[in-house]
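This report goes through one protein chain, from its overall form to single side chains. Please keep the sequence and the 3D view at hand while reading.

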Amino acid sequence: PSKKRRKVVKPAEPEKPRKDNSLEHVIINESHDRKAAKHQVNSLPWPYTTTEQFEKTLSAPVGRQWTSEASFRQLIQPAVRTAVGSVIEPLKMTEDVHDFLKRTEKKGR
């Protein structure tokens, strides 16, 4: 005859209190949004020195309805122009770029 084994049941860990516990009529979504995470930056882009500067440029709307036509065209103009059909030579992998890619690859994991 086989003996029945007792299952070991661990007690459940107590849940952390919600951030919106003390706030009435407020629900804060605490789940991680993977689609939004793709578009978030980990470090400050080059021309900006403070996060306030960067966020200010993001908050300004870009469109014909909000800005003048000249400003709109300047804002959406590509950084590099090439002639249609011209061959674009690939960038050379310098030591600095190689080191940068290694550092960012390690952070992404």
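The text below covers the chain as a whole, then its salt bridges, then a surface patch and a proline.

This is a predicted model, in which local features need pLDDT of at least 70, side-chain atom pairs count only at pLDDT 80 or more, and totals for chains, interfaces and linings use all residues. Residues are numbered from 1 along each chain as its sequence is written, and side-chain values use heavy atoms, with hydrogens and water left out.

**The chain as a whole**

The protein chain has 4 helices and 0 strands. Here helices (H or I, at least four residues) and strands (E, at least two) are DSSP runs, numbered from the N terminus. Read from that end, the order of elements is α-α-α-α. The radius of gyration is 26 Å, well over the 13 Å that the globule rule gives for 109 residues, so the chain is more spread out than a compact globule. This radius is taken over C-alpha atoms, and the rule is 2.2 Å times the number of residues to the power 0.38. Along its principal axes, the C-alpha trace spans about 85 × 45 × 30 Å.

Of the 109 residues, 4% count as buried. Buried means under 20% relative accessible area, exposed means over 50%, and partly exposed lies in between (1.4 Å probe, protein chains only). The chain exposes about 12300 Å², and carbon and sulfur atoms supply 55% of that area. Such areas come from the Shrake-Rupley method with a 1.4 Å probe; for residues, only the protein chains shown count as cover.

**Charges and salt bridges**

There are 22 positive and 14 negative side chains, and the centres of the two sets lie 11 Å apart. Lys and Arg count as positive and Asp and Glu as negative, while His and the chain ends are not counted. The place of a charge is taken as NZ of Lys, CZ of Arg, CG of Asp or CD of Glu.

Side chains of opposite charge can pair when their charged atoms come close. The structure holds 3 salt bridges, a salt bridge being a side-chain nitrogen of Lys or Arg within 4 Å of a carboxyl oxygen of Asp or Glu.

| Salt bridge | Closest N and O atoms |
|---|---|
| Arginine 18 and aspartate 20 | 2.9 Å |
| Arginine 64 and glutamate 69 | 3.3 Å |
| Arginine 73 and glutamate 69 | 3.2 Å |

In the pair of arginine 18 and aspartate 20, the arginine is partly exposed at 42% relative accessible area, whereas aspartate 20 is buried at 8%.

Arginine 73 and glutamate 69 both lie in helix 3 (residues 69-76), 4 residues apart, which is about one turn of the helix. Shared partners join Arg64, Glu69 and Arg73 into one network of salt bridges. Arginine 64 is exposed at 53%, and arginine 73 is exposed at 55%.

**A nonpolar patch and a proline**

Met93, Val97, Phe100 and Leu101 make a nonpolar surface patch of about 370 Å². Patches are made of residues with over 30% relative accessible area and no salt bridge; like charges are joined within 9 Å, and nonpolar side chains (Val, Leu, Ile, Met, Phe, Trp, Tyr) within 5 Å. Phenylalanine 100 is found in helix 4 (residues 95-108) and is partly exposed, with a relative accessible area of 45%.

Proline 14 lies in the segment before helix 1 (34-37) and is exposed at 76% relative accessible area. The C-alpha atoms of proline 14 and tyrosine 48 are separated by 43 Å, the two residues being 34 residues apart along the chain.
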